[in-house]
Every structure is written in C-alpha cells, then in structure tokens.
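Here is my friendly note to read beside the model. Take the points one at a time and look for each residue as you go.

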Amino acid sequence: MGDIPTNYHGQVVHIQGYDPDAIVPGLMAAGEAACACASVHGANRLGTNSLLDIVVFGRACANRVAEIQKPGDKQKHLESDAGREDHHMAR
C-alpha cells in the first residue's frame, strides 16, 4: 500500500548499481499503510493490519535510529538549493 521502498528497519532504500537495497542515508519511513513499503508479504494487505504495522515497523525504525543517531549529533550541512532537483528513485 505504501510507495516508499524501505528495509525492515524503516530505512529508505533505492537501486544503486547492482544493489537494489542501497540505503538512502538519513531518510526513514514507517507505517506501510501511510507511506512505507517494507515488502513483507501480506503485512500490508488489510486495513485492519495498519495499527499492527505501525507498531512493528515503527518500533523497528525507532530501534535503528537509536543505533545510528546519538543525542547531540549534528545535522550535516545542506546546500541552499538542496531538494530543488526532482529525483525519482528507480525501482
């Protein structure tokens, strides 16, 4: 149902060369019915699963953030024109 490809940790992935699961650094999504697609067979088939999805994948996402980010970490500098180009992730 979601359209943003993610791994089961909630990290957004895209095709890069021969790697179909290359992680987009710093970009995460959770909640299959809302935006993410972890490609777990059957997990996003019924609307009644939506709450369970956000609990399971939301927790996995939060756990990954806790592993890779620490309080006080600095945000990387963004150029003034960051986000101006329209990039479509290849599937």
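**Notes on the pocket, the helix and the loops**

1. Let's start with the pocket lining. By class, the residues lining the largest pocket are nine nonpolar, seven polar and seven charged. Here Ala, Val, Leu, Ile, Met, Phe, Trp, Tyr, Cys and Pro count as nonpolar, Asp, Glu, Lys and Arg as charged, and the others, Gly among them, as polar. A pocket is found on a 1 Å grid over the protein atoms alone, as an open set of points where a 1.4 Å probe fits, with protein on both sides within 12 Å along at least five of seven lines; lining residues have an atom within 4 Å of a point.

2. A word on the source: this is a predicted model, in which local features need pLDDT of at least 70 and side-chain atom pairs count only at pLDDT 80 or more, while totals for chains, interfaces and linings use all residues. Residues are numbered from 1 along each chain as its sequence is written, and side-chain values use heavy atoms, with hydrogens and water left out.

3. How big is the volume of the largest pocket? The volume is about 690 Å³, taken as the space filled by probe spheres set on grid points that are joined across faces, edges and corners. Of the 23 lining residues, Pro25, Gly26, Gln75, Lys76 and Leu78 are the closest to the centre of this pocket. Strand S3 (19-28) and H1 are the elements that give two or more residues to the lining, and S3 has the largest share, with six.

4. Now the overall layout. The protein has one helix and four strands, in the order β-β-β-β-α from the N terminus on. Helices (H or I, at least four residues) and strands (E, at least two) are DSSP runs, numbered from the N terminus. Of the 91 residues, 25% are buried; buried means under 20% relative accessible area, exposed over 50%, and partly exposed in between (1.4 Å probe, protein chains only).

5. Look next at helix H1 (residues 50-68), where you will find Ile54. Ile54 counts as partly exposed because its relative accessibility is 38%. Together with Leu52, Val55 and Val56, Ile54 makes a nonpolar surface patch of about 340 Å². Such a patch joins nonpolar side chains (Val, Leu, Ile, Met, Phe, Trp, Tyr) within 5 Å, from residues with over 30% relative accessible area and no salt bridge.

6. Which residue forms a salt bridge with Glu67? Arg64 does, with the closest N and O atoms 2.9 Å apart. A salt bridge is a side-chain nitrogen of Lys or Arg within 4 Å of a carboxyl oxygen of Asp or Glu, and the structure holds one. Both Arg64 and Glu67 lie in H1, three residues apart, about one turn of the helix. Arg64 counts as buried because its relative accessibility is 18%, whereas Glu67 is exposed at 51%.

7. Finally, visit two loops. Gly10 sits between strand S1 (4-5) and strand S2 (11-16), and Ala29 between S3 and strand S4 (36-37). Although 19 residues apart in sequence, Gly10 and Ala29 have C-alpha atoms 5.2 Å apart. Gly10 is buried at 4% relative accessible area, and Ala29 is buried at 8%.

Methods. Patch = residues over 30% accessible without salt bridge, like charges linked within 9 Å, V, L, I, M, F, W, Y side chains within 5 Å. Areas by Shrake-Rupley, 256 points an atom, 1.4 Å probe, with all protein chains shown as cover.
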